[in-house]
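Take a moment with the model below.

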2 protein chains.
Amino acid sequence: MATPSMHLNLFIMGCGHHRAAWRHPDSAAERMGDIGYYEALARTAERGKFDAVFFADGHAAGNVAGGPLWYLEPLTALAAMARATERIGLISTVSSTFYTPFHAARMLASLDHISAGRMGWNLVTSMFDAEARNHNYTAMPPHAERYARAEEFANTVLALWDSWADDALRFDRNGMFADPDRVRPINHHGEHFLVDGPLNVPRPPQGRPVLFQAGASDQGRDLAARHAEAIYAVAYDLESAQDYYRDIQARVAAAGRPPVPIMPGLVTYVGATEEEAKARQRELDELLPTQDSLNQLSQFIGQDCSDWELDAPVPELPPLEDFTGPKGRYATILRIIECERPTLRQLLGRLAAGGGHCTMVGTPESIADEMQRWVEQGGADGFNLMPPSLPSSIEDFAEQVVPVLQKRGLFRHDYAERTLRGHLGLERPGA
Amino acid sequence: MATPSMHLNLFIMGCGHHRAAWRHPDSAAERMGDIGYYEALARTAERGKFDAVFFADGHAAGNVAGGPLWYLEPLTALAAMARATERIGLISTVSSTFYTPFHAARMLASLDHISAGRMGWNLVTSMFDAEARNHNYTAMPPHAERYARAEEFANTVLALWDSWADDALRFDRNGMFADPDRVRPINHHGEHFLVDGPLNVPRPPQGRPVLFQAGASDQGRDLAARHAEAIYAVAYDLESAQDYYRDIQARVAAAGRPPVPIMPGLVTYVGATEEEAKARQRELDELLPTQDSLNQLSQFIGQDCSDWELDAPVPELPPLEDFTGPKGRYATILRIIECERPTLRQLLGRLAAGGGHCTMVGTPESIADEMQRWVEQGGADGFNLMPPSLPSSIEDFAEQVVPVLQKRGLFRHDYAERTLRGHLGLERPGA
């Protein structure tokens, strides 16, 4: 291939990203605690030559009536999934607000050994008070404080991964197991953390597991620009994807770094015909209890909308700068309202799967067209696929869309590399 | 079997518990980061019908020249090992000083789902300043403070495991995924922790993963008496094992609980003849770098022994009351000298493999005799095997000693249960 492959990432979430997916009669609702279910998803993505599978994470149970949210813990689940696969990358979210850098560095390094160099870390600062109140905080620390901690956290984790030189291990049976001069303390005594190091895990196969970020706020984008090696984005349409792409790559360049692969979230409904694809979407939408969706929307917009009129236009919302919650998704909602002037019911339908990420509904060819347009017109280097229903939507995508992308020379026919870093075209960093 | 099976546990540590094991030409020194090595050990123990495999843990790199200490992180390694085995229990050490209860409860619950009910937790408070200084402490908190935190930690973890009722999950496609009335917050606002709960993992298959402890100090024994469902012990000989056993079971009874299985650590060298077994021990002892061991012994006994004759008996040492350094290890050294009359080389070897734990050297029959004596005379309910060399010592034990124990009706011929709780004869707790 002349151009590098686009990047495809499977974002695993319960029975699928559509909130009603578990309600389908054929759903795997009963298998959410069965690691075999997740292993099979990873193998499906690997058959589709995806770069990686990815778990988001949260530290509060949430609305347990509304569907499976969290179940298995990502780091432990990915350890098992690493052994059920051979090539595909494995990315775990780890919160800088709730972990210590030593735990994070150690577990991710251990997983990089277990997976032989296929591990990635999605750095988040977490958002909800309910999560904070499971980890000794009375409420979530303010945004600026979380990001200051995240910055120091990332630097500390990177230093711990670098604390063992690549050539530290000697295995010299008449001498040293490892050379103490090549295993150095980091003596980090910062504002948030005291970590002497060195790590108690030798240097990971990738040098450093790949650092992902999904910066949406100004501070988040700057953190991503300084540290992220790949970025998850939220983009409702190509135009907002392009805006985000330009802004992030400018910040990355300002930080003196080469361009970073950016992958917007993408919900796809694939059918042999446009009508079949739409029928699939409708089938899931019809499983959706209205109350559930209203609760979710209330969370997204930071105000109670449970008594709004379902078939009236969505009322005016406060401008982005007045919103104190997570800004990325809120901006998307404002954009949908501005562009489509939807009724509340229509907006709920839009948000039911993927919470306002881009949705493509159509034939394998029409979806490939659209993905190609995003990549060629500077909106994306690939996509973070958020299948509305699992496993069916990802099987559809891998079996029907991937071959079209491959035929067009847009996506790899097989893995050329053995590490996540390799799939993403990233250099292995020196210690 | 009329009497219940004794319990056997494989304590996995690097290339073996003998500090020089990695120096053997055939050792797996190069495979310490290869999860396949640990999976194979777990499968060997499973072929031997062991109750469980077990990882200790530490949070500092230690002396990296002297041999592999830590490498893979236990929780991530055990997730993979769970998928390489079907019946054997999997026990991870998790420190109450360095984790938050929510992380611990969540990861262990996740692993209990991944392993379908085979997970155990060895609760420790950790010991070393070098570990504390990787987790935001300037030094290890005092003993009493660590144990107060551990007590609250254990109670919080147990409450989180109980926060989902056994019947909370409904999978009702026209109603609730889980019943919010059966998923309750714990609202723990204690001295050390604020944890509202509920956990974000449904109730583990075992109800609660099995809680192990290894209380040695007075406070540690009391913590074990209140919480431990199984106990690891350190006993040099049957007499000290009996003392410990009586003391712990009395404390357990005083806490109003049924007797708890106690498993002392055990180092074994097995041979077809007594001489062959001794030769195996000697082979490992001779791999010890003499100068390092002599320096260490000099420190332990408070006098320079670098010019002592290696193959002559150890000279008389001053009595315990005249020794001004740390008394615990010195007492063990005096006891070994008194009971075994070792040469200096033999003493160095004894200290290099298992420290003050019991060592049995002999034929399968003589070792089975001795194990039987410990179990029948109230010193143990089973053993935590600390193979001096891995995988060879555990292969020897599983293939040669286990059949003798089975023939005598002292150990199970096959698993009768599917959970760790089942192997240990423990009831599944209600929520």
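This is a predicted model. Begin with polar contacts: between chain B and chain A there are 34 residue pairs of this kind, both residues at pLDDT 80 or more. Which parts of chain B touch chain A? Helix H1 (35-47), helix H2 (74-83), helix H3 (101-114) and strand E6 (194-195) of chain B each supply at least two residues to that side. H3(B) gives the most, with eight residues. Sort that side of chain B by class and you get 40 nonpolar, 22 polar and 12 charged residues.

Charged side chains also pair up across the boundary. Eight salt bridges are counted between chain B and chain A. Look for the salt bridge between the side chains of A:Glu39 and B:Arg83, at 2.5 Å from N to O.

Now take the whole interface. In chain B, 74 residues are in contact with 74 residues of chain A. The size of an interface is often given as the accessible area lost when the parts come together. Here the buried area is about 6,100 Å², and carbon and sulfur atoms give 58% of it. B:Tyr71, B:Arg173 and B:Phe177 supply 14% of the area that chain B buries against chain A, more than any other three residues.

Next, the interior. In soluble globular proteins, nonpolar side chains tend to be buried together. The largest nonpolar core in this model has 217 residues. A:Leu8, A:Met81 and B:Met371 are among those with the most contacts inside it. Apart from this core lies another, of 22 residues, including B:Leu288 and B:Cys305.

Finally, follow A:Met81. Beyond its neighbours within four places in sequence, A:Met81 is in contact with residues including A:Ile12, A:Phe55 and A:Leu90. A:Glu39 is another of its contacts, and A:Glu39 is the residue in the salt bridge with B:Arg83.

Notes
Residues are numbered from 1 along each chain as its sequence is written. Chains are lettered from A and ligands numbered from 1 in the order in which they are written. This is a predicted model: local features need pLDDT of at least 70, side-chain atom pairs count only at pLDDT 80 or more; totals for chains, interfaces and linings use all residues. Side-chain values use heavy atoms; hydrogens and water are left out. A nonpolar core is a set of buried Ala, Val, Leu, Ile, Met, Phe, Trp, Tyr and Cys residues joined through side-chain atoms within 4.5 Å. Buried means under 20% relative accessible area, exposed over 50%, partly exposed in between (1.4 Å probe, protein chains only). Contact means heavy atoms within 4.5 Å. Buried area is the accessible area (1.4 Å probe) that two parts lose on being put together, summed over both. A salt bridge is a side-chain nitrogen of Lys or Arg within 4 Å of a carboxyl oxygen of Asp or Glu. A polar contact is a pair of N or O atoms within 3.5 Å; within protein, one must be able to donate a hydrogen and the other to accept it, and residues adjacent in sequence count only if both atoms are side-chain atoms. Helices (H or I, at least four residues) and strands (E, at least two) are DSSP runs, numbered from the N terminus. Ala, Val, Leu, Ile, Met, Phe, Trp, Tyr, Cys and Pro count as nonpolar, Asp, Glu, Lys and Arg as charged, and the others, Gly among them, as polar.
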